[in-house]
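Me: I'm new to this structure and would like to talk it through. Could you show it to me first?

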Amino acid sequence: ASQALASARAGRVGTFQGFARTAKGTPKWWDVVVTPVFDGNGNIERLLSISRDITAQRRLEQERERLLQERTALLESTDEGFYGMDLHGNCTFINKAGAEMLGYAVDELLGKNMHYLIHHSHADGSPYAEEDCPIFRAMKSEQGSRLDNDVFWRKDGSCFPAEYSSHPL
């Protein structure tokens, strides 16, 4: 709040978010904009403050964070590998067990196309076209699939037998 006021006093718009109670004592979160109002000579005549109640938004953000922490704890509590992808096949999350199986650090996989990294070839080394990939098909058809005789490829170029299921969320 102090920085927003200082900005407005210096002739710039200042913003902040903060917690305060209403006149009736109701606890609220506020998004506040503090703007200088100039007189006809270009001098700051007063400051205008506009506050918007963002309590519901803050609650949703807190709930989202709680759910994210819960999901992360659940995924990290298993020895099984789990990962998720966006509609382009890029990794949006992966648990530590999954990354370790593949020989990667988690950061190395996030945002990367999983087919090209870990499912690009059949066990014999022949190319595995993305459109033929059961994981890709499950994502596009919105129907899950399960395989117990496939391979995934590690960072070091070796492959290992993989049993997996793929389901769109």
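This is a predicted model: local features need pLDDT of at least 70, side-chain atom pairs count only at pLDDT 80 or more; totals for chains, interfaces and linings use all residues.

Me: How much of the chain is buried, and what makes a residue count as buried?
Reply: Buried residues make up 29% of the 169 residues in the chain. Buried means under 20% relative accessible area, exposed means over 50%, and partly exposed is in between, with a 1.4 Å probe and protein chains only. Residues are numbered from 1 along each chain as its sequence is written, and side-chain values use heavy atoms, with hydrogens and water left out.

Me: Why is Thr-78 called partly exposed?
Reply: Thr-78 has 22% relative accessibility, so it counts as partly exposed. Thr-78 sits in the loop between α2 and β4. Helices (H or I, at least four residues) and strands (E, at least two) are DSSP runs, numbered from the N terminus.

Me: What does Thr-78 touch, leaving aside its neighbours within four places in sequence?
Reply: With those neighbours set aside, Thr-78 is in contact with Asn-95 and Ala-97. Contact means heavy atoms within 4.5 Å. The C-alpha atoms of Thr-78 and Asn-95 are 8.8 Å apart, and the two residues are 17 residues apart along the chain.

Me: And why does Gly-125 count as partly exposed?
Reply: The relative accessibility of Gly-125 is 43%, so partly exposed is the class for it. Gly-125 is in the loop between α5 and α6. From Gly-125 to Asp-31, 94 residues apart along the chain, the C-alpha atoms are separated by 56 Å.

Me: How do you know how the chain compares with a compact globule?
Reply: Its radius of gyration is 26 Å, whereas a compact globule of 169 residues would have one near 15 Å. The radius is taken over C-alpha atoms, and the globule rule is 2.2 Å times the number of residues to the power 0.38. Along its principal axes, the C-alpha trace spans about 80 × 40 × 30 Å.

Me: What elements does the chain have, and in which order?
Reply: There are six helices and seven strands. Starting at the N terminus, they run α-β-β-β-α-β-β-α-α-α-α-β-β.

Me: Which residues of α6 are buried, and what covers them?
Reply: Pro-134, Ile-135, Phe-136, Ala-138 and Met-139 are buried in α6. Their cover includes β4, β6 (145–153) and β7 (159–166). After α6 comes Glu-142, with a positive phi near 65 degrees.

Me: What makes something a cavity, and what makes it a pocket?
Reply: Both are found on a 1 Å grid over the protein atoms alone: a cavity is a set of points where a 1.4 Å probe fits but cannot get out, while a pocket is an open set with protein on both sides within 12 Å along at least five of seven lines. Lining residues have an atom within 4 Å of a point. Grid points are joined across faces, edges and corners, and a volume is the space filled by probe spheres set on the points.

Me: How many cavities of 30 Å³ or more are there?
Reply: The count is one. The largest cavity holds about 80 Å³ of space. It has 13 lining residues, with Met-85, His-115, Cys-133, Ile-135 and Phe-136 nearest its centre. β4 (83–85), α5 (114–118) and α6 (134–141) each supply at least two residues of that lining.

Me: What classes do the residues lining the largest cavity fall into?
Reply: Eight are nonpolar, four polar and one charged. Ala, Val, Leu, Ile, Met, Phe, Trp, Tyr, Cys and Pro count as nonpolar, Asp, Glu, Lys and Arg as charged, and the others, Gly among them, as polar.

Me: What is the volume of the largest pocket, and what lines it?
Reply: The largest pocket has about 960 Å³ of space. It is lined by 30 residues, and Gly-81, Phe-82, Tyr-83, Ser-165 and Ser-166 are closest to its centre. β7 gives the largest share of the lining, six residues. By class, the lining has 18 nonpolar, six polar and six charged residues.

Me: Which element gives the most to the lining of the second largest pocket?
Reply: That's α2, with four residues. The volume of the second largest pocket is about 150 Å³. Its lining divides into five nonpolar, three polar and two charged residues.
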